[in-house]
Amino acid sequence: MVPIQPYLLPINPFSRPGKKLRAVKGIVMHYTASPGAPALNISRYFASLANQNPNDGVEDRYASAHYSVDDLSIYQNVPTDELAYHCGSTTYTKEALTRLGSYPNDSTIGIEMCIDKKGEITEKTFQQAVNLVSMLCKQFHLTSLDIWTHKGVVGWKDCPLPWVQNPNEFERFKKAVEGQLSAKAKPSYPKIKAVVGRDLPAIIVDQATHIIWTCLPLLNIKHEYKGNGLFLIHDRLVQGVVYEGDTYLPWGQISPPDITPFQISGGWMFVYKP
Ligand SMILES: [Zn+2]
């Protein structure tokens, strides 16, 4: 999986209210409905909602999602412990009310998938979303049964449209996540250069980039070692993988907002901007 790039929205009433999620009980898949527009566009749109004036008589829009995904990038717009406005509705399906509660926005993570010019979710975007959702399922102890479409939550909205039109694609998505959740790690060594002017080793586990734990002090990431490969990072427990005597941590779970990853030939460059 490509590293997740932070594009955190400012706290504001329209797209990032700053409220904590009650729990993470599900992941809700959406599509941007914007043919050919990249992930950064939808993230910028969510950020722009912050500029609305509640007193100008113009109707205000409330919308956001935790992540936006396209062929090349994954942006995080809202932290996974905070509420985003992605599946609010006046009515919900019975199944959603039973399993997610009366206000599913406060118990789910929302993901926006981009579409190409023909309105389709490309295979690359599909696979990026599989990787992201698999990572989130592991992190929050969810299974493929906890993956929803927007339509599955509210009943009326045709989102993601390509999966509403072809439900086999949603089934294929859940199967692909199941595959990753049960996959054995196949470690390898991609080249990764760190900011601090020297190379840091990393491995790929389940298609997710894992970086050696010693990057934490180098990147000024506050952490505490709990034993057995478990680290407390940003008040969150992150499980490391031991490979050839070193512990590696999933980059997607440790990356703080002030570190920006850039793709370089054969790997990733991590730039620290305090
Ligand atoms: Zn949607």
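I27 is in contact (C-beta atoms, placed from the backbone, within 7 Å) with T108, I109, I111, V133, L136, L142, D146, I147 and W148, leaving aside its neighbours within four places in sequence. The model is predicted: local features need pLDDT of at least 70, side-chain atom pairs count only at pLDDT 80 or more, and totals for chains, interfaces and linings use all residues. Residues are numbered from 1 along each chain as its sequence is written.

**Cores**
- A nonpolar core is a set of buried Ala, Val, Leu, Ile, Met, Phe, Trp, Tyr and Cys residues joined through C-beta atoms within 7 Å.
- A residue is buried if 20 or more other C-beta atoms lie within 10 Å of its own, exposed if 12 or fewer, and partly exposed in between, with C-beta atoms placed from the backbone.
- The largest nonpolar core has 48 residues, of which I27, V69, I111, L132 and V133 touch the most other members.
- Helix 3 (residues 123-139) gives the most to this core, with eight residues.
- Another core lies apart from it and has eleven residues, among them C215, F231, W251 and I254.

**Whole chain**
- The protein chain has eight helices and 16 strands, which are DSSP runs numbered from the N terminus (helices H or I, at least four residues; strands E, at least two).
- Of its 274 residues, 38% are buried.

**Backbone details**
- C159 and P160 are joined by a cis peptide bond with omega of about -10°, and P160 is in the loop between helix 4 (150-154) and helix 5 (161-165).
- A33, not a glycine, has a positive phi of about 60°; A33 counts as partly exposed because it has 15 C-beta neighbours inside 10 Å.

Notes
Two residues are in contact if their C-beta atoms, placed from the backbone, lie within 7 Å.
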